[in-house]
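Open your viewer and keep the selection tool at hand. We will go stop by stop.

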Amino acid sequence: MTAPSLSRNLWGRRFDSPLILAGGTAGFGRELALLDCWDRVAALVSKSVTLKPREGNPPPRIQETEYGLLNSIGLANPGVNSVVQQEINGSVNIPCPLIVSVAGEEEEEFHRVVEVLEGSPMPWAYEINVSCPNVASGGLPFGSEPSAVERISRAVARVSSRPFAVKLTPNAGDMVETALAAQEGGASGLTVCNTFLGMKMDWRTGSTLIPRKVAGYSSPALLPLVVARVWQVSRTVSIPVLASGGVARGEDVLELLAAGAEMVQVGIRLMRRPRAASELFREAEELLQ
Amino acid sequence: MNRILPDDFIAETASVRRIRPGIVCMTFSAPGFRSLPGQFLEIEVSPGPFPVTRRPFTVNRLLPEGFEILFDLRGRGTELLSSLSPGSPVRVLGPLGNGWRLGPGKWLLVGGGMGCAGFSFLAGELEEPPTVLMGASTADRLLPFDDGDLRVITEDGSSGPRGRVTDLLPGIEPGDYRVVAVCGPVPMMRGVWLSLPPGHRRRVQVSAESRMGCGWGVCGGCAVPAAGGGYVKCCSDGPVFAGDELDWDRWTV
Ligand SMILES: Cc1cc2nc3c(=O)[nH]c(=O)nc-3n(C[C@H](O)[C@H](O)[C@H](O)COP(=O)(O)OP(=O)(O)OC[C@H]3O[C@@H](n4cnc5c(N)ncnc54)[C@H](O)[C@@H]3O)c2cc1C
Ligand SMILES: Cc1cc2nc3c(=O)[nH]c(=O)nc-3n(C[C@H](O)[C@H](O)[C@H](O)COP(=O)(O)O)c2cc1C
Ligand code: FES
């Protein structure tokens, strides 16, 4: 086998970099514009959008642990109508394709949000987030049940004129089975995967800092778990896999591509390094030479 | 107010001094660095993968070719930072946030503990020397300030009267001040807010604090309860807010 190339192809479009900014860690692009951090950013996934406004979870929403980060944002967003007006149509022109992340509290919400987004010329694609661990429903009833994922994918495919990836949960069920269900329902790709359910407890008091107690956990130490899932899913399905989770070095990007990912997303590394895409690309490029 | 655009840059550690037990003053060389009082920096405390986030610190002072921060040794991040030696490169993102809303007239600065970091920088940008009310647990924990009318109070009475900074407010006529600027732990800031007569509360600016994921507005992690419902982002909407922008009943952390 030869080493992976950094030039990629996704849904008929060529990219000179595999790096996509992950949902919920790049806002809608406004802040990146301020810092001018677009070098080697192939695409940006927005924070997840729901039908109605959601104020999100009570603070603290962030807790750092020894080897990673817990987040309990709770899909805070002003609702799809306001997002379309203020963030998507009215905001800065981002110099890369925009993938709008879509979330819902019930099965019917996903395609309704997509219907509204179809009214805007800006999105290039969608990411259907059936896997957020930070809402009351846990994302789990949808995300871990292949039949629900298939129904949601089918409903989205019916109303969407654009390609869409389904973002899978690592927290329950068999990811390969869920991936096949999404493909069956008409998904154009799969994002593997979302944050892992985590919790930090004070052993003295038994209490947690984060009010909702369980949260989404990200860490570069989780990379092998993501590599395994990307490998399992990509060898089974025929649609492209977008890897998400654990990327902190150029080497991690190459490893995920070798495991079968078409594109690689970067989340908490971007929060720490606004120019993460540029830095990771350079590191990967040097390794390939 | 014209914002200074932030950048992710490498500064060089110039000096590390323990100015009080548990309090460290660090200076960094960063030619051309500018910021407004009340803005902050996100500093990478280790070049390795962990900790995964940076640490936020207020700009305590600008130097001719760099800046100074003043911090409390609290945990892993601040310990790592304080163990750097002069010459070490450090990655810094900033300046971030909005800063104090500067304006004319006499200011009253009310600070508790490390909340007083940056007060000298702020005082230097004001037209008149401010009155400063400074509280700390003990005399050892009072921060240096030399630019105005300083009144101190400590919880153990080791400097000034025994008590909390809110106990100094009865000696103050709020109407004498154009702005009341408050920074410190949330319960202390709430105490100041509640003890001001409602008619004077519109003068209040507070510098909020929150756990941060990114510090530059992308993650939504630094939510502070907003008046009228919902949340504002401490890092990019703030950290300085007018007192009446916040919901003081819901703000508990
Ligand atoms: C805008 C802003 C400005 C600040 N300016 C100063 C300053 O000038 N001087 C100073 O001493 N401190 C300041 N702080 C607090 C300082 O950031 C924390 O004390 C520091 O992050 C602790 O890191 P640690 O790893 O040593 O502690 P740990 O307790 O090990 O940190 C664990 C995690 O909790 C976070 N955390 C812990 N305490 C706080 C806190 N009080 N506020 C926010 N996050 C916290 C850390 O960032 C880290 O992610 C500021 C905080 C904010 C939000
Ligand atoms: C603060 C924060 C907010 C997030 N918000 C979302 C979100 O709104 N939608 C989503 O699909 N994933 C969200 N995620 C998950 C990330 O997109 C990503 O899948 C995950 O963090 C793993 O990748 P990483 O290790 O590169 O961070 C969020 C993650 C973090 C840390
Ligand atoms: S800390 Fe990320 S948005 Fe404020």
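## Around ligand 1

Begin with β4(B), which gives 4 residues to the shell around ligand 1, the largest share. Keep in mind that this is a predicted model.

Now select ligand 1 itself. Ligand 1 sits between chains A and B. Around ligand 1 there are 21 residues. Pro56(B), Gly77(B), Thr78(B), Glu209(B) and Arg211(B) come nearest.

Color the shell by class.

- Thr78(B): an N or O atom of its side chain lies 2.5 Å from an oxygen atom of ligand 1.
- Arg55(B): here the distance from a side-chain N or O atom to an oxygen atom of ligand 1 is 2.7 Å.
- Glu64(A): a polar atom of this side chain is 3.1 Å from an oxygen atom of ligand 1.

How much of the accessible area of ligand 1 does the protein cover? On its own, ligand 1 has 820 Å², and the protein covers 87% of that.

Now select β4 (55–58), β6 (66–72) and α1 (76–82) of chain B. These are the elements that give two or more residues to the shell around ligand 1.

## A patch on the surface

Move to chain A. Select Leu197(A), Met199(A), Met201(A) and Val214(A). They form a nonpolar patch on the surface. Together they have about 330 Å² of accessible area.

Stop at Val214(A). Where does Val214(A) lie? Val214(A) is in the loop between β11 (196–198) and β12 (215–218) of chain A. Its relative accessible area is 31%, so Val214(A) counts as partly exposed.

How values were computed: Residues are numbered from 1 along each chain as its sequence is written. Chains are lettered from A and ligands numbered from 1 in the order in which they are written. This is a predicted model: local features need pLDDT of at least 70, side-chain atom pairs count only at pLDDT 80 or more; totals for chains, interfaces and linings use all residues. Side-chain values use heavy atoms; hydrogens and water are left out. Patches are made of residues with over 30% relative accessible area and no salt bridge: like charges are joined within 9 Å, nonpolar side chains (Val, Leu, Ile, Met, Phe, Trp, Tyr) within 5 Å. Accessible areas come from the Shrake-Rupley method with a 1.4 Å probe; for residues, only the protein chains shown count as cover. A salt bridge is a side-chain nitrogen of Lys or Arg within 4 Å of a carboxyl oxygen of Asp or Glu. Buried means under 20% relative accessible area, exposed over 50%, partly exposed in between (1.4 Å probe, protein chains only). A residue is near a molecule or strand if one of its heavy atoms lies within 4 Å of it. A polar contact is a pair of N or O atoms within 3.5 Å; within protein, one must be able to donate a hydrogen and the other to accept it, and residues adjacent in sequence count only if both atoms are side-chain atoms.
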